[in-house]
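Welcome! Please take a moment with the sequence and the 3D view before reading on.

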Amino acid sequence: AEYMGIGIKKVAGGGMEDSMLVPGVAFKKTFSYAGFEMQPKKYSKPKIALLNIELELKAERTNAEVRLETVKDYQEVVDAEWTILYDKLAACEASGAKIVLSRLPIGDVATQWFADRDMFCAGRVTEEDLKRTQKACGGLIHSATNNLTDALGLCESFEEVQIGNERYNLFTGCPNAKTCTIILRGGADQFIDETERSLHDAIMIVRRTLKNDTVVAGGGAIEMELSKHLRNHARSVEGKEQLFIMAMAKALEVIPRQLCENAGFDATNIVNKLRQKHAEGGMWFGVDINSQDIADNMASFVWEPALVKVNALSAAIEAACLILSVDESIKNAKSTNPEDNRPVRPPPGRGRGGRPQF
């Protein structure tokens with residue numbers, strides 16, 4: 001998965017403490033042919049060629065037809081295929097690239113050819129990983145091997161490492177380091193998936209905060225402050241409206257109360273402390289999970305985007321108004337006999353055209 005240029009890779013095995021952050025690009029080793037093990041697995045400041053072409057002998061189409069008259073003509077066709085392949089390989093070497101990545105297959109001949117020249121290659125790289133590598137290391141993705149020299153990527157270090165049962169290619173020290181990769185470890189796939197969902201939530205909150213730079217204190221602080229203002233305002237309102245406002249103020253206290261229950265705290269004690277602190281003017285005091293008490297969450301950097309709170313309050317108020325607008329409910333009474341599967345008869349017509357019941 002990828003979020004805002006942050007790639008997330010999941011590797012089963014190990015513990016969560018074995019998870020790592022790669023300040024660059026990392027992706028799993030792709031399918032390789034014989035000769036791959038002879039290629040170097042570590043480079044310093046290598047140039048990177050990003051390709052979208054096949055580096056292998058391509059099979060002809062099903063309906064392809066080549067008419068030959070002599071054996072020499074056939075040999076020329078075979079030699080031309082090899083010449084095209086070797087010209088592409090020579091162009092990659094002449095560009096100065098030490099690492100060749102392609103979205104399409106790199107065959108066994110090309111793999112051995114690169115290994116003989118101390119070059120690393122990887123074919124069948126996914127489009128997502130190839131674009132992230134381009135974004136981090138620079139360069140262009142080429143559909144031909146012409147003019148490769150002017151559009152190569154670059155990084156400080158490249159290494160292929162063993163992570164669990166998988167081998168990963170790591171590109172670090174990228175000049176355009178606007179991307180990174182998080183490699184998650186865990187004993188079970190369900191545990192890793194849950195960790196990814198938690199990370200996704202955290203990343204999306206940071207993204208929302210960057211786009212909307214207005215924040216409020218979290219941990220139930222803003223809800224308690226709103227509750228205080230609503231209680232004070234309700235005392236100045238006459239009639240039934242006062243009950244509605246007081247009910248809304250009480251409902252807002254559910255957030256800090258639920259946070260306390262989730263953490264195993266005494267919710268009543270914590271909420272009472274928050275009421276007292278907010279009455280004294282402590283606007284940003286909320287639940288502090290670490291100290292099992294209350295704290296100034298704005299000073300503790302426990303923040304939430306204000307836009308999220310506005311949307312949540314709007315949705316809650318609209319839902320409450322919708323429920324209050326329902327003035328009548330209709331219930332279809334079931335048969336008193338549990339073995340009676342016959343449909344319930346409609347009620348009598350009551351003089352309005354309905355059929356009498358017998």
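This is a predicted model: local features need pLDDT of at least 70, side-chain atom pairs count only at pLDDT 80 or more; totals for chains, interfaces and linings use all residues.

Residues are numbered from 1 along each chain as its sequence is written, and side-chain values use heavy atoms, with hydrogens and water left out.

**The whole chain**

- The protein chain has 9 helices and 17 strands; these are DSSP runs, numbered from the N terminus, with helices (H or I) of at least four residues and strands (E) of at least two.
- Of the 358 residues in the protein chain, 34% are buried; buried means under 20% relative accessible area, exposed over 50% and partly exposed in between, using a 1.4 Å probe and protein chains only.
- Among contacts in the protein chain with a separation of 6 or more, 70% join residues 24 or more positions apart; a contact means heavy atoms within 4.5 Å.

**The nonpolar cores**

- A nonpolar core is a set of buried Ala, Val, Leu, Ile, Met, Phe, Trp, Tyr and Cys residues joined through side-chain atoms within 4.5 Å.
- The largest nonpolar core has 18 residues, and Ile48, Ile99, Leu101 and Phe171 touch the most other members.
- Two or more residues of this core come from each of β4 (24-28), β6 (47-51), β7 (99-102), β8 and α3 (127-137), and α3 gives the most, with 3 residues.
- Leaving aside residues up to four places away in sequence, Phe171 touches a set of residues including Val25, Phe27, Ile48, Ile99 and Leu101.
- A second, separate core has 17 residues, including Ala110, Trp113, Cys121 and Leu148.

**Helix α2 and what covers it**

- Buried residues in α2 include Ala110, Thr111, Trp113, Phe114 and Ala115.
- The cover over the buried residues of α2 includes α1 (71-94), β7 and β8.
- After α2 comes Asp118, which has a positive phi, near 55°.

**A look at Met119**

- Where does Met119 sit? Its place is in the loop between α2 (108-116) and β8 (120-122).
- Met119 is buried, with a relative accessible area of 2%.
- Not counting residues up to four places away in sequence, Met119 touches several residues, among them Pro40, Tyr43, Cys92, Val100 and Phe114.
- Met119 and Pro40 are 79 residues apart in sequence, yet their C-alpha atoms are 6.9 Å apart in space.
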